[in-house]
Amino acid sequence: MSLFNVFDVSGTALHAQTLRLNTTASNMANANTASSSIDKTYRARHPVFAPMLDAFDEPQTGVGVQVLGIVESNAPLKKEFNPNHPLADKEGYINLPNVNVAEEMANMISASRSYQSNIEIMNSAKQMLLRTISLGQ
Amino acid sequence: MRFSFEKVFGVHEPALHTQSRRAQLLAANIANADTPKYKARDIDFNAALEMAMQHPKGHQPLQATNLRHIQPPGYHYGYEVLYRHPQQAAIDGNTVETETEMSEFTENSVRYMASLRFLGGKLQSLQAAIKGQ
């Protein structure tokens, strides 16, 4: 019964979107975490999505989403002149993370919308299955 | 009089099969709405339904012993899974348009419910005939 697979497929999407929300939350929380050295500065993290394709997989059924990994952004870090900051280096600069707050907000909204539509799909699939079970009664 | 369930159920049973497979494909499209390079897929419902009526058990796949063995198109259910033409593809190569997929999914599930209702009606009339009341 392929309707049961809808739950698997949408479930993987829920998992992936949750992870995306998680990284967004982490990025937003650390958006202003200053650091004295470049190596120790927080960098924006983003998950990488990919379809769950398998060499032996039947190409005719739907495929779910998998998270290949989480990558750190390569965008340049922000340097701020703030000699009074306790973490300032010898020249008086502190390093701030390369988190783009506007981008993170857009990411958050996109992730929560996708989560919602997947929940809706699961709900309709549940309705369809329940009606199938009660067939002939 | 000879009786067969296929005759009683008619088009509704293969229709249910095809609709539930289509539901899975559309759910996969929506699940991959944010996956780069994912191409939205769908089936030609008329062709698939015709195929399901002609071959209710589906086609048997060719036996593959090597990864590079290629199956003929549409080998499993007898129809091909096609790619959707997007109105406006995303810059990351994704062709899923959530609105289109949601409306197609909803329409498909309404049609599924309708097929179920028809099947339920057939079953009820069979039950009435059996009881003779």
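At roughly what angle do the axes of helix 1 of chain A and helix 2 of chain B cross, and within what distance do they come? In this predicted model, the two axes cross at roughly 5° and come within 8 Å. Because angles under 35 degrees count as roughly parallel, helix 1 of chain A is described as roughly parallel to helix 2 of chain B.

On the chain A side, the residues that meet helix 2 of chain B are Ser2(A), Leu3(A), Asn5(A), Val6(A), Val9(A), Ser10(A) and Ala13(A) in helix 1. Their partners in helix 2 of chain B include Ser20(B), Ala23(B), Gln24(B) and Ala27(B). Sorted by kind, the residues of this contact divide into eight nonpolar, five polar and one charged.

## The interface as a whole

Taken over the whole contact between the chains, chain B contributes 36 residues and chain A contributes 37 residues. Between them, chain B and chain A bury about 3,000 Å², and 63% of this area lies on carbon and sulfur atoms. Within chain B, the residues that lose the most area to chain A are Gln24(B), Asp34(B) and Met113(B), which together make up 20% of what that side buries.

## A salt bridge between the chains

Over all chains the count comes to seven salt bridges, and the count between chain B and chain A is one. This pair joins the side chains of Asp34(B) and Arg20(A), with a distance of 3.0 Å from N to O. Asp34(B) sits in the loop between helix 2 and strand 1 of chain B, whereas Arg20(A) belongs to helix 1 of chain A, which spans residues 2-29.

## Helix packing inside chain B

Helix 2 of chain B (residues 12-31) also packs against helix 4 of chain B (residues 98-131), at an angle of about 155° and with the axes 9 Å apart. Since angles over 145 degrees count as roughly antiparallel, helix 2 of chain B is roughly antiparallel to helix 4 of chain B. The crossing of helix 2 of chain B past helix 4 of chain B is left-handed.

Among the residues of helix 2 in this contact are His12(B), Leu16(B), Ala23(B), Leu26(B) and Ile30(B), while helix 4 brings residues including Met102(B), Phe105(B), Tyr112(B), Leu119(B) and Lys122(B). The residues of this contact divide into 12 nonpolar, six polar and five charged.

Notes
Residues numbered from 1 in each chain as written. Chains lettered and ligands numbered in written order. Predicted model: local features only at pLDDT ≥ 70, side-chain atom pairs only at ≥ 80, totals over all residues. Heavy atoms only, no water. Axes fitted to C-alpha atoms, helices over the stretch in contact; angles between N-to-C directions. Helix = DSSP H or I, 4+ residues; strand = E, 2+ residues; numbered from the N terminus. Parallel < 35°, antiparallel > 145°, perpendicular 65-115°, else oblique. Left-handed = near helix turned anticlockwise from the far one by under 90°. Contact = heavy atoms within 4.5 Å. Nonpolar A, V, L, I, M, F, W, Y, C, P; charged D, E, K, R; others polar. Buried area = accessible area lost by both parts, 1.4 Å probe. Salt bridge = Lys/Arg side-chain N within 4 Å of Asp/Glu carboxyl O.
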